[in-house]
Amino acid sequence: MGRKSSDKIRIKNKKKLDEIVSKLKLVFSKHGTSKYTMDAIATEIGISKSTLYQYFSNKDEMVDAVFDAFVNEINLIKEIIHQNEITYKQRYIDFIASFSKFYSNISI
């Protein structure tokens, strides 16, 4: 059924966590989330399973982290619309560019 989660304290290295989440976004958007075990995910993103468990206790936590990253990206895109110090035309161009980049990383 999979490894039982432990109640140990997780590592909080933000830079490494962001790097892992970035790789997870690519894996999940390419293949979905249900196909993978923790072993397969670790192999796919090029880290050990042990390292993966240092940051996440289970796959649900990984999916939550990826979802949160997508929500943060959406919020950043929304902020572009409200940048009154730049022209409407530039805001539109920036918005379309950011949205296109964001949208290309989402799987069905």
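Which residues does V66 touch, not counting those up to four places away in sequence? I looked them up in this predicted model: V66 touches V21, L24, K25 and F28.

V66 itself is in helix α4. I checked its accessibility next and got 5% relative, so V66 counts as buried, the cut-off being under 20%. I also took the C-alpha separation between V66 and V21: 5.9 Å, for two residues 45 apart along the chain.

Next entry, helix α2. I have α2 down as residues 38-45, and its buried residues are M38, I41, A42 and I45. They cover an arc of only 100° around the axis, which puts them on the same side of α2. The spacing rule is worth a jotting here: an α-helix has 3.6 residues a turn, so residues three or four places apart point the same way.

What covers those buried residues of α2? I found that the cover includes α1 (14-31), α3 (49-55) and α4 (59-81). Just past the end of α2 I noted G46, which takes a positive phi of about 80°.

Last entry, the whole chain. Of the 108 residues, 26% count as buried. I then took the contacts between residues at least 6 apart in sequence, and 57% of these join residues at least 24 apart.

Conventions. Residues are numbered from 1 along each chain as its sequence is written. This is a predicted model: local features need pLDDT of at least 70, side-chain atom pairs count only at pLDDT 80 or more; totals for chains, interfaces and linings use all residues. Side-chain values use heavy atoms; hydrogens and water are left out. Buried means under 20% relative accessible area, exposed over 50%, partly exposed in between (1.4 Å probe, protein chains only). Contact means heavy atoms within 4.5 Å. Helices (H or I, at least four residues) and strands (E, at least two) are DSSP runs, numbered from the N terminus. The arc is that of the directions from the helix axis to the C-beta atoms.
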